[in-house]
Amino acid sequence: MEIKFQKYQGTGNDFIMIDNRFNPISLSNEQVAFLCHRRFGIGADGLILLESEPGFDFRMVYYNSDGNLSSMCGNGGRCLVAFAKDLGLISSKAKFSAIDGEHEATLEDGKVSLKMNDVKSMELGEDYFYLNTGSPHYVKFVEDVENYDVFNEGKKIRYNDRFNEEGTNVNFIEKNNEELFVRTYERGVEDETYSCGTGVTAAALVAAVKGMSTGKNSCLIKTKGGMLEVTFDKVLEQNFYNIWLSGPAMSVFKGVIELE
């Protein structure tokens, strides 16, 4: 089977895009994992199928790099919107469906802004926060996050007794000057990624609860792959709506690969 694909990245969070509207293909978990493998395949944090959906511009079907279908991916959604524009499917706005519901998006000067789902609660632990921004996120403030052992400390939390079966993404964050530095261990990738869209969204909302946002209703986020911004409206202590994740999303290369 011959597959045409295009590779995109948003602040270093990279994805394989496949236009699955015509002559749709069905991929096994093993095939997705192969395509995402950085030694034997194309290499990516995840794979996204763009499919038709009545009433929407398109539907997003997202797989983690381990080959499993997954929950919402914020940077993946932003990259998919850029892919849809390159296909001529949309111009400056998009409305699409994903596993967590409907999303809106806008495109301007290479920046893609994605509306995330409302967040109405979060768990406040002794030294952590836990919330769902389309995917589950554990968020913890640490010192010197730049040199923090994200892989080993994140893996401990992701595989502890509470999260072992379902998994969680783990974010370590630190407020530095005019930005919030976020590093994320992602389930499904089972490693640190350069950036995580739902993760930085979770971190921005936690910062707002702690009174540590970089703006009144916004937060500038530094990731290993670049800068993102999260804007929001806050009602009551833990109730957020009109949440938007914004940043660059661009094509890297395209090609054709043969699958057995």
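Is F163 buried or exposed? With a relative accessible area of 4%, F163 is buried, where buried means under 20% relative accessible area, exposed over 50% and partly exposed in between, with a 1.4 Å probe and protein chains only. The model is predicted, so that local features need pLDDT of at least 70 and side-chain atom pairs count only at pLDDT 80 or more, while totals for chains, interfaces and linings use all residues. Residues are numbered from 1 along each chain as its sequence is written, and side-chain values use heavy atoms, with hydrogens and water left out.

Rings of Phe, Tyr and Trp (its six-membered ring) pair if their centres lie within 6.5 Å, and planes under 30 degrees apart count as stacked, over 60 as edge-to-face and the rest as tilted; by this rule there are 10 aromatic pairs. One of them is the stacked pair of F58 and F96, with 5.0 Å centre to centre and 10° between the planes. This pair links distant parts of the chain, since F58 belongs to strand 4 (residues 58-64) and F96 to strand 5 (residues 93-98), 38 residues apart; strands here are DSSP runs (E, at least two residues) and helices are runs of H or I with at least four, numbered from the N terminus. F58 counts as buried because its relative accessibility is 0%, and F96 is buried with a relative accessible area of 0%.

The rings of Y130 and F163 have centres 5.1 Å apart and planes at 40°, so this pair is tilted. Y128, Y130, Y138 and F163 form one aromatic cluster.
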